[in-house]
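Subject: A structure to look through, with notes

Dear colleague,

I am handing over a structure that I have been reading through, and I would be glad if you kept it open beside this message. My notes follow it, arranged by topic.

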Amino acid sequence: MRRLLALFVIILLASATPASAQRDPILVPEVSQHEVRVRQGFTGTELLLFGAILDPAGTRSARGYDVVVVLKGPAQAIRLREKSKIGGIWINAASTDFRSAPSYFAVAASRPVDQIVDEKTAAIYEFGTRFIQLSPTGEIDPEEQARFSSGLVDFKQRQGLYKEDMNGVSISEQVLYQARISLPSNVTTGTYTAETFAVADGRVVSSAVAEVEVRKVGFERLVEIFSQENSFFYGLLAVALSVSMGWMAGRLFALV
Amino acid sequence: MDVYLPIANLSVNGLFIVALGALTGVLSGLFGVGGGFLTTPLLIFYGIPPTVAAASASTQVTGASVSGVLAHNRRGGVDYRMGMVTVVGGGIGSAIGALLFRFFQSLGQIDTVISILYVVMLGTIGILMAREAWTAIRATKGGAQPPVAKRRHHPLIAALPMRWRFYRSGLYISPLAPLILGVAVGILTMLMGVGGGFILVPAMLYILGMSAGVVVGTSLFNILFVTMVTTMMHALTTKAVDIVLAGLLLLGSVSGAQIGTQLAQKARPESLRLVLAGIVLLVALRMLFGLGVRPDEIYTVSPL
């Protein structure tokens with residue numbers, strides 16, 4: 001009887017181990033638009049990140065997952081300056097450099113992240129604005145570093161460029177998830193990556209990436225290229241525009 | 001009406017920008033100042049990146065000055081000879097200013113330098129102007145008292161060698177004086193992102209002693225050329241001239257300048273100067289407030 005039981009346990013374990021590896025769900029992510037066109041009248045846009053979580057068998061998963069979506073804009077090297085009061089006036093004092101600060105960062109989750117994963121996992125996957133990996137350069141003590149990082153996050157948050165929405169993902173029937181993330185008009189152009197993570201038992205069990213291209217088109221693109229590559233003529237054009245507009249106004253009003 | 005600005009990389013309310021242009025245009029026609037000292041801070045306050053704001057504002061000031069110069073020219077209110085001298089000085093000054101700008105930028109202190117300059121320059125000029133205008137108004141109101149006899153020009157000016165005749169200004173002085181004035185204004189134009197009219201006008205009046213009728217037109221003539229140079233400098237170095245933003249500002253300011261010029265002919269010059277002094281002092285106080293009080297944004301980001 002005992003041996004029978006042991007055998008049963010072994011069989012159970014043997015069948016369970018590969019099954020648990022396979023049990024990782026498949027994420028099928030999609031973005032409402034893969035290209036955001038920045039053109040005249042662009043006032044920002046809302047991206048719908050949606051998809052399905054499926055069992056490997058392709059059926060509806062038997063258990064619930066939490067979903068976290070992280071949307072990141074192109075990284076930039078920046079210098080952050082901090083003002084302090086010196087001699088009665090506020091001037092730039094300390095500064096620090098970040099090698100790759102994302103120009104845009106948004107997190108949406110189906111539940112507050114601290115209820116889904118522990119601090120360490122959240123930090124690894126950047127589940128929140130305080131976990132953004134900014135790659136600071138130079139040697140500064142951790143405390144000062146933390147102050148600068150939170151300063152940057154706060155600054156970007158107020159520009160609407162960093163945000164987190166801890167109830168931003170809705171999951172229906174344990175299969176379909178969707179999140180709405182808005183891009184303000186002052187976004188940087190470039191390639192945005194939308195990473196979707198399925199989380200169960202405090203562990204990220206599956207992830208998938210989708211890309212969104214934000215680009216200027218038409219007249220706006222033309223102006224940008226012109227100003228960059230033909231800056232002399234661009235300057236002349238600007239001067240000519242202002243002189244001619246001033247002159248025309250002068251003539252028009254002279255008639256009045 | 002939302003308009004996307006391709007260089008500033010954000011969308012703004014187009015009507016608001018046109019209105020802002022119109023406001024500075026009226027000031028420009030009325031007082032002979034470019035209005036840059038108002039446009040630049042207001043644009044930054046609206047959320048436009050500071051460099052784009054300063055660069056595009058200088059383009060706008062060019063347009064406002066053209067229509068202002070034209071309007072004053074019709075009345076013979078421009079001393080071209082005097083203007084040419086200050087423009088040459090302005091060219092030299094803006095080159096010096098560009099070097100200083102880069103130096104302070106590398107120190108990370110350009111914002112503070114700009115703010116301090118605003119407070120000191122606008123504060124001093126505002127107070128001087130207000131006091132002078134107030135005495136003039138008091139004198140005319142008193143009726144019986146004759147207006148105080150005006151000193152023609154500063155005694156130091158008379159000490160300079162070589163003299164030219166500036167007929168329209170009613171002056172026989174050394175061209176070095178307006179040249180030095182032009183250099184000083186050129187430096188400030190580049191550093192503060194303004195046309196410099198608010199310095200030029202009082203300096204022409206109280207230091208050079210030019211006749212009041214040609215001060216505004218000649219100052220605008222100088223601003224016209226110096227801001228052209230500044231626009232080119234920005235287009236080549238910072239690449240921050242936003243032509244859409246400048247176009248919107250221009251739309252408002254060129255019409256505003258015409259209205260301002262017509263208003264200027266109706267109003268009494270002393271009251272005009274008192275109003276300008278008030279506006280100048282307000283901006284200076286706002287800047288002083290900004291320096292002394294903890295700013296909303298402790299942090300600033302600049303690309304590497």
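What percentage of the 256 residues in chain A do the buried residues make up? The share is 30%, and please keep in mind, here and in everything below, that this is a predicted model.

Overall make-up of chain A

Chain A contains six helices along with 13 strands. If you take the contacts in chain A that have a separation of 6 or more, 70% of them are between residues 24 or more positions apart. The chain is divided into two domains, of which domain 1 covers 23-74 + 100-216 and domain 2 covers 217-251, and the C-alpha centres of these two domains of chain A lie 39 Å apart. Where the two domains of chain A touch, six residues of domain 1 are in contact with six residues of domain 2. On the domain 1 side of that contact, β2 (35-38) and β13 (203-216) of chain A each supply at least two residues, and by class this side has four charged residues, one polar residue and one nonpolar residue.

A sheet built from both chains

An open sheet of four strands, with antiparallel pairing, has the order β8(A)-β6(A)-β5(A)-β5(B). Its edge strands, each of which pairs on one side only, are β8 (136-137) of chain A and β5 (299-303) of chain B. Within chain A, strand β5 (residues 75-86) and strand β6 (residues 89-102) pair in the antiparallel sense over ten bridges, and one place to look for this pairing is R81(A), whose bridge partner in β6(A) is S95(A). Between the chains, β5(A) and β5(B) also pair in the antiparallel sense, over five bridges, and here R79(A) has S302(B) of β5(B) as its bridge partner. Helix α4 (residues 142-158) of chain A lies across β5, β6 and β8 of chain A together with β5 of chain B, and this helix runs at about 105° to β5(A).

Where the chains meet

Taking the two chains as a whole, 48 residues of chain A are in contact with 46 residues of chain B. On the side of chain A that touches chain B, the elements giving two or more residues are β5, β6, α4, α5 (218-229) and α6 (231-255) of chain A, and the largest share, 16 residues, comes from α6(A). The residues of this side of chain A divide into 22 nonpolar, 17 polar and nine charged.

The largest nonpolar core

The largest nonpolar core has 151 residues, and the members that touch the most other members are V68(A), V69(A), L5(B), V201(B) and L245(B). Helix α9 (residues 212-236) of chain B gives the largest share of this core, 13 residues. The core lies between domain 1 (23-74 + 100-216) and domain 2 (217-251) of chain A, because both of them give residues to it. As background, nonpolar side chains in soluble globular proteins tend to be buried together.

Some single residues in loops

Leaving aside residues up to four places away in sequence, G168(A) touches A108(A), A109(A), A179(A) and R180(A).

E126(A) is found in the loop between α3 (119-124) and β8 of chain A, and E126(A) is partly exposed, because 18 other C-beta atoms lie within 10 Å. Q174(A) is found in the loop between β10 and β11 (176-183) of chain A, and Q174(A) is likewise partly exposed, with 15 other C-beta atoms within 10 Å.

A helix in chain B

In helix α2 (residues 36-46) of chain B, the buried residues are G36(B), F37(B), L38(B), T39(B), T40(B), P41(B) and L43(B). After α2(B) comes G47(B), whose phi is positive, near 115°.

With best wishes

Conventions. Residues are numbered from 1 along each chain as its sequence is written. Chains are lettered from A and ligands numbered from 1 in the order in which they are written. This is a predicted model: local features need pLDDT of at least 70, side-chain atom pairs count only at pLDDT 80 or more; totals for chains, interfaces and linings use all residues. Two strands pair if DSSP finds at least two bridges between them. Two residues are in contact if their C-beta atoms, placed from the backbone, lie within 7 Å. Axes are lines fitted to C-alpha atoms, for helices over the stretch in contact, and angles run from 0 to 180 degrees between N-to-C directions. Ala, Val, Leu, Ile, Met, Phe, Trp, Tyr, Cys and Pro count as nonpolar, Asp, Glu, Lys and Arg as charged, and the others, Gly among them, as polar. A residue is buried if 20 or more other C-beta atoms lie within 10 Å of its own, exposed if 12 or fewer, and partly exposed in between; C-beta atoms are placed from the backbone. Domain bounds come from an automatic or database domain assignment. A nonpolar core is a set of buried Ala, Val, Leu, Ile, Met, Phe, Trp, Tyr and Cys residues joined through C-beta atoms within 7 Å.
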